[in-house]
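Work through the following exercises with the sequence and the coordinates side by side.

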Amino acid sequence: MTKLKLTYFDFHGGRGEPARLALSIGEIPFEDDRVAPSDWPARKANTPFGALPLLEVDGETVSQSNAINRYVGKLANLYPSDAWQAALCDEVMEAVEDIGSKIGATLFIPEEEKKAKRIELAKGPIPFYLTRLQDRLAAHGGQYFAANRLSVADLKVFVWIRHLKSGVLDHIPADLSDRVAPKLVEHYERVKSHPGIKAYYAKHGIEG
Ligand SMILES: N[C@@H](CCC(=O)N[C@@H](CS)C(=O)NCC(=O)O)C(=O)O
């Protein structure tokens, strides 16, 4: 049997979370390797591009979150087999990367700069991506982003909306997505209520 090890930081979110969710929904056994911040400097040099997540498959390593999402999506039947639907799924995952990178750039900067940058993000780029994702959802049937069924694109958007709604991002109002993109929040609730997602977070003792 193929041996899988998914390595990411030790929190319930971020770029590694969609793959954890996909593997769990697909009931595919994997080693959930969670890196503590104190261990990261020593491990960074052993990664292909100096970053996480990483997936090890029978000892071979692949990095880049969306490459990993596509791979585990195929294993878990959460990636469209149709080439066009697969492109729609990819489009959404890359869009979340675009906005996620902008938000990520504000994580470890001085407080004043962080505040200014986040206020700007909450005024422009975040509402832009929220409404455009909502439009793509509506254009593709309103329930899921591709092939009218759950895919890794839905998981990636779910993880992003969950992060926004959690309120952990200072200066970005936790209700921004509710105000700007209510249909996307309905989608978040739809994904959150999936039995596989509920089981995953119940196993980790958190609400989801
Ligand atoms: N394009 C990469 C970006 C990976 C990335 O920036 N990962 C962050 C965590 S989400 C990281 O490893 N940061 C620690 C570091 O860069 O030292 C991907 O999609 O996987």
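**Exercise 1.** In which loop does Pro-53 lie?

*Solution.* This is a predicted model, in which local features need pLDDT of at least 70 and side-chain atom pairs count only at pLDDT 80 or more, while totals for chains, interfaces and linings use all residues. Residues are numbered from 1 along each chain as its sequence is written, and side-chain values use heavy atoms, with hydrogens and water left out. Pro-53 is found in the loop between helix 2 (40-44) and strand 3, where helices (H or I, at least four residues) and strands (E, at least two) are DSSP runs numbered from the N terminus. The peptide bond that joins Leu-52 to Pro-53 is cis, with omega about 10°. As background, most residues other than glycine have a negative phi, and most peptide bonds are trans.

**Exercise 2.** Determine the strand order of the sheet and the sense in which its strands pair.

*Solution.* Begin with the order: four strands form an open sheet, arranged 2-1-3-4, with mixed pairing; two strands pair if DSSP finds at least two bridges between them. Strand 2 (31-35) and strand 4 (60-63) stand at the edges with a single partner strand each, so one side of each has no neighbour in the sheet. From one strand to the next the twist averages 20°. Next, take the pairs: strand 1 and strand 2 are parallel over five bridges, and the bridge partner of Leu-6 in strand 2 is Asp-32. Strand 3 (residues 54-57) and strand 4, by contrast, pair in the antiparallel sense over four bridges, with Val-57 opposite Glu-60 in strand 4.

**Exercise 3.** At what angle do helix 1 and helix 7 pack, and which residues make the contact?

*Solution.* The angle is about 130°, and the axes are 9 Å apart. Helix 1 is therefore oblique to helix 7, given that angles under 35 degrees count as roughly parallel, over 145 as roughly antiparallel, 65 to 115 as roughly perpendicular and the rest as oblique. On helix 1 the contact is made by Glu-17, Pro-18, Leu-21, Ala-22 and Ile-25, and on helix 7 by Val-152, Leu-155, Lys-156, Phe-158, Val-159 and Arg-162.

**Exercise 4.** Within what distance do the axes of helix 6 and helix 7 come, and at what angle do they cross?

*Solution.* The axes of helix 6 (residues 125-139) and helix 7 (residues 152-166) come within 13 Å and cross at roughly 140°. Helix 6 and helix 7 are therefore oblique to each other. Ile-126, Tyr-129, Leu-130 and Leu-133 of helix 6 meet Trp-160, Ile-161 and Leu-164 of helix 7.

Conventions
Axes fitted to C-alpha atoms, helices over the stretch in contact; angles between N-to-C directions. Contact = heavy atoms within 4.5 Å.
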